Amino acid sequence: MKKLTYLSALFILLLSFNTNAQTSKDKRIIEDAVEAKATILETDEGLKNFFDNAAGYVIFPNVGKGGFIIGGASGNGVVFENGKKVGMASLKKLNIGLQAGGQSIIEVIFFETPDDLRDFKKGNFNFGAEASAVAIKSGIAFNAKYKDGVAVFALPKAGLMADASVGGQKFSYSKF
């Protein structure tokens, strides 16, 4: 039980730090986001339609997820509006429940309308508890649809974790 308390405190501490990057770190995140987009399109070219037609999107190239009963996720990403970089974003998630493992993923969130993107940038955006991402596989994007103005896709990079939820994620945005 002491170990569980220690892990809980560690996750809360890690998630409490401000994850907005400094300039050199921003550059690395931007480079990673460009690479992540290429990887996503290689995996499922059907996502090109989302990239081309969304009012905006945010790519989180390195989201770390992990937990054992108490879990968390965090990552930094790049926000695009009409295909142009407009700012940086961070995501944080802390949850309690049946879970075990760790995973690194690419997560991309597409915004259907300018209003949906504006809500994200104002900080009025989070996922409800039931929200989940569509796992990127060849051909899956052709049938994917927006739900409440957003579409979320995830591509596992490494690790194994039995959890595809994005519910409870909180976001912050900072303009360039």
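**Figure 1. Burial and overall build of the protein chain.** Of the 176 residues in the protein chain, 45% are buried. The model is predicted. Four helices and five strands make up its secondary structure. Read from the N terminus, the order is α-α-α-β-β-α-β-β-β. Among contacts with a separation of 6 or more, 75% join residues 24 or more positions apart. The chain exposes about 9,600 Å². Carbon and sulfur atoms supply 56% of that area.

Figure 2. Glu-107 sits in strand β2, which spans residues 84-111. The residue is buried, yet no salt bridge is found for it. Which side chain of opposite charge is nearest? That is Lys-65, 6.5 Å away. Glu-107 does have a polar partner: its side chain makes a polar contact of 3.2 Å with the side chain of Gln-169. Beyond its neighbours within four places in sequence, Glu-107 is in contact with several residues, including Val-58, Ile-59, Phe-60 and Val-63. Leu-91, Phe-127, Val-152, Phe-153 and Val-166 are also among its contacts.

**Figure 3. Ile-30 in helix α2.** Helix α2 covers residues 23-43 and contains Ile-30. Is Ile-30 buried or exposed? Its relative accessible area is 18%, so Ile-30 is buried; the cut-off for buried is under 20%. Leaving out residues up to four places away in sequence, Ile-30 touches Val-78, Lys-85, Met-88 and Phe-176. Pro-61 is 31 residues from Ile-30 in sequence. Their C-alpha atoms are 8.8 Å apart.

**Figure 4. The Phe-50 and Phe-110 ring pair.** The whole structure holds 14 aromatic pairs. One of them joins Phe-50 and Phe-110 in a tilted arrangement, with 5.2 Å between centres and 40° between planes. The pair links distant parts of the chain: Phe-50 belongs to helix α3 (residues 48-53), Phe-110 to strand β2, and 60 residues separate them.

**Figure 5. Asn-49 in helix α3.** Asn-49 lies in helix α3. Its relative accessibility is 48%, so Asn-49 counts as partly exposed. The side chains of Asn-49 and Asn-53 are joined by a polar contact of 2.4 Å. Ala-141 is 92 residues away along the chain. The C-alpha atoms of Asn-49 and Ala-141 are separated by 8.7 Å.

**Figure 6. A salt bridge within helix α2.** The structure contains five salt bridges. One of them pairs Asp-32 with Arg-28, with the closest N and O atoms 3.1 Å apart. Why are these two residues about one helical turn apart? Asp-32 and Arg-28 are four residues apart in helix α2, so about one helical turn separates them. Asp-32 is buried, at 14% relative accessibility. Arg-28 is partly exposed, at 46%.

**Figure 7. Lys-121 and Glu-81, a salt bridge across the sequence.** The side chains of Lys-121 and Glu-81 form a salt bridge, 2.7 Å from N to O. The pair links distant parts of the chain: Lys-121 is in helix α4 (residues 114-122), Glu-81 is in strand β1, and they are 40 residues apart. Lys-121 is partly exposed, with a relative accessible area of 28%. Glu-81 is also partly exposed, at 26%.

**Figure 8. Arg-118 and Asp-115 in helix α4.** A salt bridge of 1.9 Å, N to O, joins the side chains of Arg-118 and Asp-115. Both residues lie in helix α4, three residues apart, which is about one turn of the helix. Arg-118 is partly exposed, with a relative accessible area of 38%. Asp-115 is partly exposed at 45% relative accessibility.

**Figure 9. Two loop residues with positive phi.** Asn-82 lies in the loop between β1 (56-81) and β2. Its phi is near 50°, a positive value in a residue other than glycine. Asn-82 is exposed, with a relative accessible area of 62%. Asp-148 lies in the loop between β3 (134-135) and β4 (150-161). Asp-148 is not a glycine, yet has a positive phi of about 55°. At 74% relative accessibility, Asp-148 is exposed.

Note on methods
Residues numbered from 1 in each chain as written. Predicted model: local features only at pLDDT ≥ 70, side-chain atom pairs only at ≥ 80, totals over all residues. Heavy atoms only, no water. Buried < 20%, exposed > 50% of the residue type's maximum accessible area, 1.4 Å probe, protein only. Lys, Arg positive; Asp, Glu negative; His and termini not counted. Salt bridge = Lys/Arg side-chain N within 4 Å of Asp/Glu carboxyl O. Polar contact = N/O pair within 3.5 Å; in protein donor to acceptor, adjacent residues only side chain to side chain. Contact = heavy atoms within 4.5 Å. Phe/Tyr/Trp six-rings, centres within 6.5 Å; stacked < 30°, edge-to-face > 60°. Areas by Shrake-Rupley, 256 points an atom, 1.4 Å probe, with all protein chains shown as cover.
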